[in-house]
Amino acid sequence: MPTAWNTFPVEFKGGLVTNISPLQQGINAPGSARTLVNFEPSIEGGYRRIEGYNKFDTDYVPPYGSPVVQGSGQSGTTLTIANIYVEPEDGDTLTIAGVIGTYTISISGVTYSTANKTATLTLNETLDSSPADKAAVTFSNRTADLIEGIIYFKQKALVYRGADLWKSSGSGWTRINTPSYGTVLVNGGSQTGTSLAVDGLTRTPQIGDTFTVAGIEKVYTITNTVTVSSGAATITISPALASSPADNAAVTFLSTDRSSGGKHRFSRYNYTGSSKIVGVDGTSAPFTYDDSTFYVMDDAPSDVVGAEHVAEFKSHLFFAKGNTLTFTAPFTDTDFTAANGAGIITVPHTITGLIVFREQLIIFSTSKIHRLVGNTVSDFQLQPISLDIGCVREDTIQEVGGDIAFLGPDGIRLLSSTDRIGDFGLAVASRPIQSETNALVSGNTAFASCVIRGKNQYRMFGYSATKTVDTSQGVLGTQFADQTAQGMAWAELKGIMVYVADSVYSNADSAEVIIFANKDGYVYRMESGNNFNGSNIQAYFSTPYFSINDPKIRKTFYKLTTYVDPEGSINGDVTPKLDFDQKEIIQPDPVALSNTVALAAFYGIASYGTGSYGGKLKYTFTNQLIGSGFTVSFQYFFDSTDPPFSLDSAAVEFAVNDRQ
């Protein structure tokens with residue numbers, strides 16, 4: 001009499017779980033995953049292959065700002081350039097507007113002046129012709145210079161690289177750190193030497209600012225502190241004036257020095273009906289920008305200059321530096337006058353992050369969490385949330401699904417409001433993937449994070465200069481239930497190198513925009529396309545080891561049916577693994593999963609004349625199996641540029657053998 005077949009169905013849910021034994025996982029969480037890489041637990045069910053990323057702008061962010069030729073008449077193998085805030089390196093290549101050829105800097109071929117913002121270069125090649133004064137010098141991309149700040153603002157990516165801030169709407173980069181000091185003019189003719197009298201100043205220029213003077217050659221750099229009186233000043237400059245400028249000749253400022261900046265952080269706000277951003281970098285004075293005017297807070301208090309974090313809360317801008325929190329007067333971004341409602345708050349430890357959460361400002365340090373409640377300086381109150389748990393890594397704090405996710409000393413935690421007024425939960429959400437979280441933290445030196453609001457998803461990325469794109473690590477968590485750490489389902493990310501990231505829902509784009517950058521000089525848009533900037537997406541998922549009711553009874557496996565929700569072609573394979581994949585067990589070969597057949601035409605993939613209009617996608621894949629064992633796991637592997645798809649569930653057909 002033939003042996004009866006049985007069916008063991010499994011719904012894929014629960015995400016990556018690695019903190020319980022293999023047998024327990026197969027019995028208690030059969031829909032979870034032993035490995036889950038580049039799949040996301042989906043709020044629509046199953047495990048969905050993640051989307052890809054592509055370049056936001058095909059142009060790289062310039063590594064050295066906007067340097068220009070310093071004076072005409074240069075020839076041979078020596079070139080002096082100005083308006084450059086970072087020292088070029090030997091071996092860099094460059095082109096010069098109006099001059100034929102590409103030129104390479106020789107070994108020991110750079111003499112750089114930090115004070116003058118100039119560089120004299122020795123080139124391997126002889127200049128084809130003498131470049132014009134102030135001709136643009138364009139350096140090739142450097143793949144070792146980090147982009148250290150990023151924000152999406154008014155349908156543009158705004159980034160910091162090297163010593164400059166840039167913006168792009170997707171077709172070329174425009175430098176924005178050009179100071180605005182009014183309509184500045186030369187104050188009197190016949191001037192010579194290393195000083196220049198000017199008027200028309202509405203603010204005070206700074207040491208390191210560069211400018212040009214109409215009618216004379218070269219770029220000039222301010223080298224000493226400037227004192228302005230009634231809009232006029234005599235500024236000390238380098239080099240000496242190439243010739244005497246005319247009275248009232250226009251003075252055009254080019255750049256302000258941001259070369260000492262570190263990792264940038266931003267906040268959006270709107271006090272006048274027009275959106276603006278404020279940025280801090282841990283060293284320099286903060287700045288504001290409204291998509292046209294770049295304003296540096298040079299006259300800000302010392303507790304604000306060098307701020308590392310910034311947030312807008314209750315119509316104040318809050319700047320965090322060390323353990324000091326300084327805020328502006330209401331509805332202003334530059335007024336720090338106490339009589340007008342500005343103030344200072346001191347917290348017990350160094351601040352590692354700020355985030356606004358439900359009418360309160362949450363203030364993180366490495367070992368404590370406080371909240372600021374109230375509306376103005378008259379009723380602001382600092383209250384403790386936790387005095388022994390904090391955020392140990394900056395840039396991991398995000399609001400997801402009504403909770404605050406952050407990296408604590410023991411993993412990713414969720415700060416959640418509870419039913420009790422003023423009370424909070426602080427559960428460890430990453431406990432199911434504790435070993436992966438520990439490896440992520442120990443294997444990287446910097447971290448970034450973002451949320452994908454449409455998916456209730458939190459993503460955290462590690463960054464290490466020693467890692468390649470292929471070995472870059474991250475984790476993602478999808479929140480299925482608010483205000484509970486147990487409501488998070490996790491997966492790993494590989495192949496996405498992120499040093500800085502930003503995500504925002506853009507009304508103008510009618511979409512959520514997630515952008516990121518690293519050290520290769522480009523800005524990328526996440527959740528875009530079906531590949532990793534042209535490379536295949538490798539995604540794999542391993543089920544638990546199913547004991548199927550009794551781990552001591554051998555089963556013979558005949559068929560595996562995988563239920564899929566496709567969005568296009570699918571190409572991959574699945575491999576059965578018997579009896580915990582022990583060394584002495586002979587394992588079956590992989591079997592293919594593919595729906596790339598001439599039944600349906602996929603946009604962007606099909607060729608005219610070969611695809612069929614009205615074709616149907618394949619939703620089930622049935623594979624014949626060979627092998628028998630006490631437990632079985634199935635490993636799915638995909639390496640392609642196929643559109644995303646979801647693995648929803650599976651059914652294993654088997655027969656029970658005798659107990660052994």
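Me: Which residues make the nonpolar surface patch of about 240 Å²?

Reply: Leu-23, Ile-27 and Phe-580 make it. A patch is built from residues with over 30% relative accessible area and no salt bridge; like charges are joined within 9 Å, and nonpolar side chains (Val, Leu, Ile, Met, Phe, Trp, Tyr) within 5 Å. A salt bridge is a side-chain nitrogen of Lys or Arg within 4 Å of a carboxyl oxygen of Asp or Glu. Areas come from the Shrake-Rupley method with a 1.4 Å probe, and for residues only the protein chains shown count as cover. This is a predicted model: local features need pLDDT of at least 70, side-chain atom pairs count only at pLDDT 80 or more, and totals for chains, interfaces and linings use all residues. Residues are numbered from 1 along each chain as its sequence is written, and side-chain values use heavy atoms, with hydrogens and water left out.

Me: Where is Leu-23 found?

Reply: Leu-23 is in helix 1, residues 22–28. Helices (H or I, at least four residues) and strands (E, at least two) are DSSP runs, numbered from the N terminus. Leu-23 counts as partly exposed, because its relative accessibility is 31%. Buried means under 20% relative accessible area, exposed over 50%, and partly exposed in between.

Me: What is the strand order in the open sheet of 6 strands?

Reply: Strands of a sheet pair through backbone hydrogen bonds, either parallel or antiparallel. Two strands pair if DSSP finds at least two bridges between them. Here the order is 16-17-20-19-18-21, with antiparallel pairing. Strand 16 (185–186) and strand 21 (251–255) each have a single partner strand, so one side of each lacks a neighbour in the sheet. Further in, 2 bridges join strand 19 (residues 220–222) to strand 20 (residues 233–238). Thr-221 has Ser-238 as its bridge partner in strand 20.

Me: Which residues are bridge partners of Val-652 in strand 52?

Reply: Phe-8 is one, and Leu-560 is another. Strand 1 pairs with strand 52 (residues 645–659) over 7 bridges, antiparallel. Strand 46 (residues 553–566) pairs with strand 52 over 12 bridges, also antiparallel. Strand 4 joins strand 52 in the antiparallel sense over 2 bridges. There Tyr-47 has Leu-647 as its bridge partner.

Me: How many aromatic pairs are there?

Reply: Rings of Phe, Tyr and Trp (its six-membered ring) pair if their centres lie within 6.5 Å; planes under 30 degrees apart count as stacked, over 60 as edge-to-face and the rest as tilted. The count is 34. Phe-12 and Tyr-47 are stacked, at 6.1 Å centre to centre with 10° between the planes. Phe-12 lies in the loop between strand 1 (5–11) and helix 1, and Tyr-47 in strand 4 (residues 47–49), so the pair ties together parts 35 residues apart in sequence. Phe-12 and Tyr-47 are both buried.

Me: Why is the pair of Tyr-60 and Tyr-522 edge-to-face?

Reply: Their planes stand at 90° and their centres are 6.3 Å apart, so the pair is edge-to-face. Tyr-60 and Tyr-522 are 462 residues apart. Tyr-60 counts as partly exposed at 22% relative accessibility, whereas Tyr-522 is buried at 17%.

Me: Which residue lies over the face of Tyr-522?

Reply: A charge sits over a ring if NZ of Lys or CZ of Arg is within 6 Å of the ring centre and within 35 degrees of the ring normal. Lys-55 lies over Tyr-522, at 3.9 Å from the ring centre. The charged end of Arg-554 sits over the ring of Phe-630, 4.7 Å from its centre.

Note on methods:
Buried means under 20% relative accessible area, exposed over 50%, partly exposed in between (1.4 Å probe, protein chains only).
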